[in-house]
Amino acid sequence: MQKMNNAAAGEIVVSMARAIIDNRAYLSEIDGKIGDGDHGINMAKGFGLVADRIRGKELSLAKALETLGTVLMTEIGGSMGPLYGVMFTEFAQQIDQVDLIDNKTFSRMLHAGLTGIQEIGSAKVGDKTLLDTLVPAVEAFDKATSEGKSFDEALELLVAAAESGRDSTVNLIARIGRASRLGERSLGVLDAGATSCALILKELSEGTRDRLQ
Amino acid sequence: MQRFVNNRDEVVEDTIKGFVKAHRDIVRLAENQRVVTAIDRPAQGKVGVVTGGGSGHEPAFIGYIGRNMLDAVAVGELFSSPTAKSFQDAIREANGGKGVVVLYGNYAGDNMNVKMAMKLAAKDGIEVATVVATDDVCSAPAEEQAKRRGVAGEIFMWKVGGAKASMGASLSEVRDAAQKAIDNCRSVGVGLGPCTLPAVGHPNFQIEPGTIEVGIGHHGEPGVRVEALKSASEVAKDMCQIVLDDHDLGSGTEVAVLVSGLGATPLNELYILFDTVEEEISGRGLRIHKAYVGNYFTSLEMVGATLTVMALDEELKSLLEVEVRCAATL
């Protein structure tokens, strides 16, 4: 059974931060087409703060995710602060007492994050939000696991589903948040939240795959 | 465009620093550097009145802190909701033991952060009530009023809520008065030129020269139509029609009227608009009890204006009369 050692995996959050910071301009550019263009700026600000605080400290994944969730919730604000803040805090709680993370724990973690987001926001799949990335990603992971695929393969399928979920937002009309005021004019553009969510899930999954033992 | 900025990522911090220094006789900075409160708060035995929102709308929101108005404000990034923690801390600062009412605008981020702050405040043992402003007519049709944005009508909501709280009213009485104020408000915005977030560096929407965006939101949310720019008088007539057709007020109703610039429109042009606004409102048999013309709720350097009309009853009229002392002129 493939598992990841929680204690040594905090660096995954540093790679997540790097991915967000590297894509700062891109995320703001797509946000600017249907929002006010500050998604990349705000996300990079929050993730950058976290990376500076945890880099080189050899934290557990649980501790690093908790730090990330807390910073997003207490220092970023906007819509993404609470949504991602809740997601990472819930992730952290699920693995807090777990030494070796297996696919079942990983699934529990994903579901807790998703439930947290659904409790605070009011979006559904198809509303052109980060849920269009997160929901299919979680479903793909669970499906792969129930079909008996390995943790490694399930993570690979999770990333593919996240990215196709992200791409699906191009053809969606925003039904929530600021972009919802645009109606059909929001068509043809990726949702910035769905895009950052795909980046985050990719780093989380690939970081986990690299550490499976 | 040229700006007075030290560091484009610290515009909000620098704004707060200057504001608190300039108005130290009225406000103070809380321990949380994103929360500003009235100097003598909390007041024991008084319901606390709190709001919060993104920056870039000055004098909203911090300019309305003061006696008989807001007790504390949570300050967000430019055009971005304050954190749940900042709302929680603002609630704590305003709590004088009788509960706190949070009066804020209908935006996704604010809704989520206030919701989380309420949970946190409950853990602190503070009773919190909320009123969400939904006065912007063009942001959703009348049958979906709950989806409308909150705009300059929020100022009337704060003034009424603040006055009610200052009289020793209970939490539910303050909430009900503020709710009545915003329910009686209708607003519309028109844009002649876009604004730019300093950290982004370019406008994220355009208004072509010679055109006007009717129904524009406070962050440049698109309006209901773009048309050729007409005379001020014709623009004012359109604004009145949008607001008053949605309002359904009986002849003889007394109203409060607020015309606010969006940041880059000179005051003289706001008075030019008001000249026709007054004629249109009076022409419909309504009576203007009190008018406010100025930069009350801006959107960085957006060129444009908003019109808010609040229908009055005796209670709202007397609450509106309560004198306030805050940095913004009211």
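# Salt bridges and the A/B interface in a predicted model

B:K180 and B:E315 form a salt bridge in which the closest N and O atoms are 2.6 Å apart. This pair links distant parts of the chain, with B:K180 in helix α5 of chain B and B:E315 in helix α8 of chain B, 135 residues apart. The model is predicted. Over all chains, the rule gives a count of 38 salt bridges.

**Salt bridges around B:K180**

- B:K180 also meets B:D313 in a salt bridge, with an N to O distance of 2.6 Å.
- B:K180 lies in helix α5 (residues 171–183) of chain B and B:D313 in the loop between β13 (303–311) and α8 (314–321), so this pair ties together parts that are 133 residues apart in sequence.
- B:K180 is partly exposed, because its relative accessible area is 24%.
- B:D313 counts as partly exposed at 28% relative accessibility.
- B:E315 is partly exposed as well, with a relative accessible area of 26%.

**A salt bridge between B:D40 and B:R41**

- B:D40 and B:R41 form a salt bridge, and their closest N and O atoms are 3.0 Å apart.
- B:R41 has a relative accessibility of 12%, so this residue counts as buried; the cut-off for buried is under 20%.

**Interface of chain B and chain A**

- Chain B supplies 30 residues to the contact and chain A supplies 27 residues.
- The two chains bury about 2,200 Å² between them, and 53% of that area is on carbon and sulfur atoms.
- Between chain B and chain A, 8 residue pairs are in polar contact, counting pairs with both residues at pLDDT 80 or more.
- Three elements of chain B, namely β5 (72–78), α2 (84–94) and α3 (108–123), each supply at least two residues of the side that touches chain A.
- The largest share of that side of chain B comes from α3(B), with 6 residues.
- Sorted by class, the side of chain B that touches chain A has 11 nonpolar, 10 polar and 9 charged residues.

**The salt bridge across the interface**

- The rule finds 1 salt bridge across the interface of chain B and chain A.
- B:E77 forms a salt bridge with A:K45, and the closest N and O atoms of the pair are 3.1 Å apart.
- Through shared partners, salt bridges join A:K45, B:E13, B:R34 and B:E77 into one network.

**B:S86 in helix α2 of chain B**

- B:S86 lies in helix α2 of chain B.
- This serine counts as buried because its relative accessibility is 3%.
- With neighbours within four places in sequence left aside, B:S86 is in contact with B:N32, B:R34, B:V35 and B:A74.
- One of these contacts, B:R34, is also a member of the salt-bridge network that includes A:K45.

**Annotated domains**

- UniProt, in an unreviewed entry, places the feature "domain: DhaL" at residues 7–206 of chain A.
- Residues 7–206 of chain A are 69% helix and 1% strand, and the end C-alpha atoms of the span lie 17 Å apart.
- For chain B, the UniProt annotation "domain: DhaK", also from an unreviewed entry, covers residues 7–329.
- Residues 7–329 of chain B are 33% helix and 25% strand, with the end C-alpha atoms 29 Å apart.

Definitions and conventions: Residues are numbered from 1 along each chain as its sequence is written. Chains are lettered from A and ligands numbered from 1 in the order in which they are written. This is a predicted model: local features need pLDDT of at least 70, side-chain atom pairs count only at pLDDT 80 or more; totals for chains, interfaces and linings use all residues. Side-chain values use heavy atoms; hydrogens and water are left out. Contact means heavy atoms within 4.5 Å. Buried area is the accessible area (1.4 Å probe) that two parts lose on being put together, summed over both. A salt bridge is a side-chain nitrogen of Lys or Arg within 4 Å of a carboxyl oxygen of Asp or Glu. A polar contact is a pair of N or O atoms within 3.5 Å; within protein, one must be able to donate a hydrogen and the other to accept it, and residues adjacent in sequence count only if both atoms are side-chain atoms. Helices (H or I, at least four residues) and strands (E, at least two) are DSSP runs, numbered from the N terminus. Ala, Val, Leu, Ile, Met, Phe, Trp, Tyr, Cys and Pro count as nonpolar, Asp, Glu, Lys and Arg as charged, and the others, Gly among them, as polar. UniProt positions are given in the numbering used here, feature names are shortened, and annotations may be inferred rather than shown by experiment. Buried means under 20% relative accessible area, exposed over 50%, partly exposed in between (1.4 Å probe, protein chains only).
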